[in-house]
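Here is a short note for a colleague who is opening this model. Please read the points with the structure in view.

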Amino acid sequence: MFSALRQAPRPATVKSPTELRDALIARRFTIGLIVTALIVVLLATYLLVAPASKILVGFLVMLVMIALMLFRIPIGIAMTGAGLFGLYVLVGPKAVIGSLEDAAFKSFASWSLSVIPMFILMGVALAKSGIMSGAYSAARMWLGRLPGGLAIATNFAGAGMAATSGSSIGISYAIGRVSIPEMIRAGYRPSLAMGSTAMAGTLGQVIPPSILLVIYAGVAETPVGPQLLAGIVPGVALAFLFAIVIILWAVISPSTAPRGARYPWKERLASLVGLVPMLILIFIVLGGIYFGVFTATEAGAFGALVALLLGLGAVVLQSKKAPSGALAAIPTSKVVGRYVSSTLLDTVSAVAAMMLLLVGVHILTLVMAISGLAQWVADMVIDLGLTQLGFLLMLIPVYLILGFFLDTLAMMLLTIPVFIGPLTVLDVDLVWFGVFLVILAEIDLVAPPLGVLNFVVLSIAQSSTKGMGVNLTITDVFKGVTPFLFACVLMLVALISWPELALWLPTMASPK
């Protein structure tokens, strides 16, 4: 009886602290939506009714687009809608109709951008097959005895996966499910365990194949092959800087990261087999581009084919090894069919979302050109007398602030059309700037207070450590990534001081 009373539902009039917190968040969110909607309506009304200079129209269109994004409108739709509205105000309805007719074709019909579906397919195929877990296993056996060895293994496993997948979230998910519970079990402090996993994921957009670098190349009209090669040295350097941060952290506070077990040489050597799929893809994609065997698009196509074949082999092998249960009862043909269909469906979905963004960028670029906003920014930079160094240093806080409000990709697509003019005037190499910008974007992916990747890693950590008796919070993740952010800033300073870090490989690469 008393047990039944204890299990009786709480009266509807009484709310728990969690329910009160959720209600407060929902109320604040609703107020934010209402305020954002009012801003959009007021700006739109002003543009339609009041006479305004073209530059002011361009500026207000940017504000409308940011307001729509804060209103949780999908990024591609927000950019397209704000851009079309700007064209309507600046040129008239015929320009809107014309843009709708050719924007999709001009955005998609680009040989350089055709590599995007290939890179996405390659990453999805590897993620669904699970074969990349071998990279972490090998890194753990070889590096586990170092100070912070398991975190270092996580870091370099992320770097290896970054060379075969262009998704930061995908890398963090693939590694985090294994690395975080293992580090927690070994006595690692949660902040280091989750922080190192998040930072390993950021390498996915610096080390090629990087979707962000390809998109930047399409928008800034730089060659895709050299743009991808430019990310290799800075990306690898970042991975080593992260490892140094982990070692210093573990040396200063040994209790934070107990040393791992020592594995026999036989097991270490056997673990290297798990690196074979990754090495094959690195050799095909990056080696093919560097030695001039493939263009970037051809390398992406061959890489996607090989990744799909490797994934098929892994999935079939797993189904045959299953001792019992549902997986063993499923025919091999069905296992293969499910793997291929789910891989292709996820790829198509991701590519469609990416291409919608490119349509928005195409229309927004037209608005920037017609309104003269991009040229106005370039003239303002000239009038301020900023040098290359001054302008680049100014961009660091600008992008960090924008990262508080905008998605990483949205921030890049929003600013590239505006800053191309000043960069050209100041004679900044656009291939070099692509790497600089992507590193800045990846900082925003983890920087407090709104780093999206931190929340993803927290979710992975909480689901993978159930039953282990640990209380993981978002504060732990932010504490964990903060020391690594200094390494990222150091990398940006090194890039400014020695541009050859990014430009050496593209210069040395053999022409096609």
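1. Start with D476. Its relative accessible area is 17%, and the cut-off for buried is under 20%, so D476 counts as buried. The residue belongs to helix α24. Keep in mind throughout that this is a predicted model.

2. What does D476 touch, once neighbours within four places in sequence are left aside? The contacts are P190, S191, M194 and N471. D476 also sits 9.0 Å from R189, C-alpha to C-alpha. Along the chain, D476 and R189 are 287 residues apart.

3. Helix α10 covers residues 190-202 and helix α24 covers residues 474-497. Their axes come within 7 Å. The crossing angle is roughly 50°. Because of that angle, α10 is oblique to α24. As for hand, the α10 and α24 crossing is right-handed.

4. Which residues make this contact? From α10 come P190, S191, M194, G195, S196, A198 and M199. From α24 come D476, V477, K479, G480, V481, F484 and C488. Sorted by class, the contact of α10 with α24 has eight nonpolar, four polar and two charged residues. P190, S191 and M194 are also on the contact list of D476.

5. Helix α13 spans residues 232-252, and helix α25 spans residues 500-508. The two pack at an angle of about 135°. Their axes are 7 Å apart. Angles over 145 degrees would count as roughly antiparallel, so α13 and α25 are oblique to each other.

6. Who takes part on each side of that pair? Helix α13 contributes I232, V233 and P234. Helix α25 contributes L501, A502, W504 and L505. By class, the contact of α13 with α25 has seven nonpolar residues, with no polar and no charged ones.

7. Now S371. Is this residue buried or exposed? S371 is buried, because its relative accessibility is 3%. S371 is placed in helix α18, which runs over residues 332-371. A polar atom of the S371 side chain lies 2.8 Å from the backbone oxygen of V367. Apart from neighbours within four places in sequence, S371 is in contact with K54, I55, G58 and L90.

8. Check the peptide bond between P208 and P209. It is cis, with omega about 5°. P209 lies in the loop between α10 and α11, the latter being residues 211-220.

9. Two loop residues deserve a check of their backbone angles. E221 has phi near 60°, a positive value in a residue other than glycine. E221 sits in the loop between α11 and α12, where α12 is residues 224-230. The relative accessibility of E221 is 72%, so E221 counts as exposed.

10. The other is D427. Phi of D427 is likewise near 60°, positive in a residue other than glycine. Where is D427 found? The residue is in the loop between α21 (408-425) and α22 (430-446). With a relative accessibility of 62%, D427 counts as exposed, whereas D476 from the opening point is buried.

Definitions and conventions. Residues numbered from 1 in each chain as written. Predicted model: local features only at pLDDT ≥ 70, side-chain atom pairs only at ≥ 80, totals over all residues. Heavy atoms only, no water. Axes fitted to C-alpha atoms, helices over the stretch in contact; angles between N-to-C directions. Helix = DSSP H or I, 4+ residues; strand = E, 2+ residues; numbered from the N terminus. Parallel < 35°, antiparallel > 145°, perpendicular 65-115°, else oblique. Left-handed = near helix turned anticlockwise from the far one by under 90°. Contact = heavy atoms within 4.5 Å. Nonpolar A, V, L, I, M, F, W, Y, C, P; charged D, E, K, R; others polar. Buried < 20%, exposed > 50% of the residue type's maximum accessible area, 1.4 Å probe, protein only. Polar contact = N/O pair within 3.5 Å; in protein donor to acceptor, adjacent residues only side chain to side chain.
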